[in-house]
Amino acid sequence: MAETTLTNTTGIGPRPDGLRGIASDWSSDQRAFKNVSWGKAMMWIFLLSDTFIFGCFLLSYMTARMSTVTPWPNASEVFSLHIGDVSVPLLLIAIMTFVLISSSGTMAMAVMQGYRRNRKMSAILMLVTAALGATFVGMQAFEWTKLISEGVRPWGNPWGAEQFGATFFMITGFHGTHVTIGVIFLIIVARKVWRGDYDVGERGFFTSRRGNYESVEIMGLYWHFVDLVWVFIFAFFYLW
């Protein structure tokens, strides 16, 4: 019987058949496994694990909402703002969403300027991103204060199903914590970019090889993930 094994892509010995051959191909993929830094790989792994957590939270919310026999509060009424005598539904939530989505644009430009070695513009854009994130957190704190003053608690609320308060504070609070942490780290990395730590390769936290602005890109991955999660929270919690 003729030999059916093929030479692997590295040219070192024959490639095994079956599952071992598939594993050999994947393990020898230089682009996928050898040219990715530890920092970027670990951030992707962290974001994957965080995706599972947020997914579980949203699934729990959907389960609670669909299984309760008590009417669920109307989001347009609960999250409305009164401007004079007019009640505007979801006005604050729309502004919060606009602010956070806009911050993704400034973060993307900060990454681009970082790889162009324009450190001052990159730092400024990161600080603008942090300011937009802080604005989002501030508006979320206002939203929490308003609802708490109206009687919303993790164990009940004046408008219907008791699970509403628990799911609201859990999901939005967990996301707000992510945004707050992101703001803190954006300021730290922006300070290092402004001082030129990535140009001289100064040792320390969140630094890398000389001339490598990958830390800015890693922060961008985290920030875009936080923005993407908010899109799902906005759709499931406020529009459903």
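# Helices, core and salt bridges of a predicted chain

Mentor: From the N terminus on, the elements of the chain run α-α-α-α-β-β-α-α-α-α-α. That gives nine helices and two strands. Residues are numbered from 1 along each chain as its sequence is written, and side-chain values use heavy atoms, with hydrogens and water left out. The model is predicted: local features need pLDDT of at least 70 and side-chain atom pairs count only at pLDDT 80 or more, while totals for chains, interfaces and linings use all residues.

Trainee: What makes a stretch a helix or a strand?

Mentor: Both are DSSP runs numbered from the N terminus: a helix is H or I over at least four residues, a strand is E over at least two. Helix 5 has 25 residues. From first C-alpha to last it reaches 37 Å, close to the expected 36 Å. The expected span is 1.5 Å times one less than the number of residues.

Trainee: Why is K40 called buried?

Mentor: Buried means under 20% relative accessible area, exposed over 50%, and partly exposed in between (1.4 Å probe, protein chains only). K40 has 18%, so K40 counts as buried. Across the chain, buried residues make up 40% of the 240 residues.

Trainee: Which residues form salt bridges with D197?

Mentor: K192 does, with its closest N to O distance at 3.7 Å. R195 also meets D197, at 2.7 Å, N to O. D197 has 3% relative accessibility and is therefore buried, whereas R195, at 42%, is partly exposed. Elsewhere, salt bridges that share partners join K40, E214 and E217 into one network.

Trainee: What makes a group of residues a nonpolar core?

Mentor: The members must be buried Ala, Val, Leu, Ile, Met, Phe, Trp, Tyr or Cys, joined through side-chain atoms within 4.5 Å. The largest such core has 55 residues; F79, M107 and W230 are among those with the most contacts inside it. Helix 3 (38-67), helix 5 (91-115) and helix 7 (163-195) are among the helices that each supply at least two residues of this core. Helix 9 gives the most, with 14 residues. In soluble globular proteins, nonpolar side chains tend to be buried together.

Trainee: Which residues does W230 touch?

Mentor: Contact means heavy atoms within 4.5 Å. Leaving out residues up to four places away in sequence, the contacts of W230 include I93, L100, F136 and H175. For the chain, 67% of contacts between residues at least 6 apart in sequence join residues at least 24 apart.

Trainee: Why are I101, L228, V231 and F232 called a nonpolar patch?

Mentor: Patch residues have over 30% relative accessible area and no salt bridge; nonpolar side chains (Val, Leu, Ile, Met, Phe, Trp, Tyr) are joined within 5 Å, and like charges within 9 Å. Together the four have about 340 Å² of accessible area, a quantity from the Shrake-Rupley method with a 1.4 Å probe in which, for residues, only the protein chains shown count as cover. Helix 9 supplies the largest share of the patch, three residues, and L228 lies in helix 9.

Trainee: What is the phi of L90, and what is that of R117?

Mentor: L90 has a positive phi of about 60° although it is not a glycine. R117, also not a glycine, has a positive value near 65°. L90 sits in the loop between strand 2 (86-89) and helix 5, R117 in the loop between helix 5 and helix 6. With a relative accessible area of 16%, L90 is buried; at 42%, R117 is partly exposed.

Key: A salt bridge is a side-chain nitrogen of Lys or Arg within 4 Å of a carboxyl oxygen of Asp or Glu.
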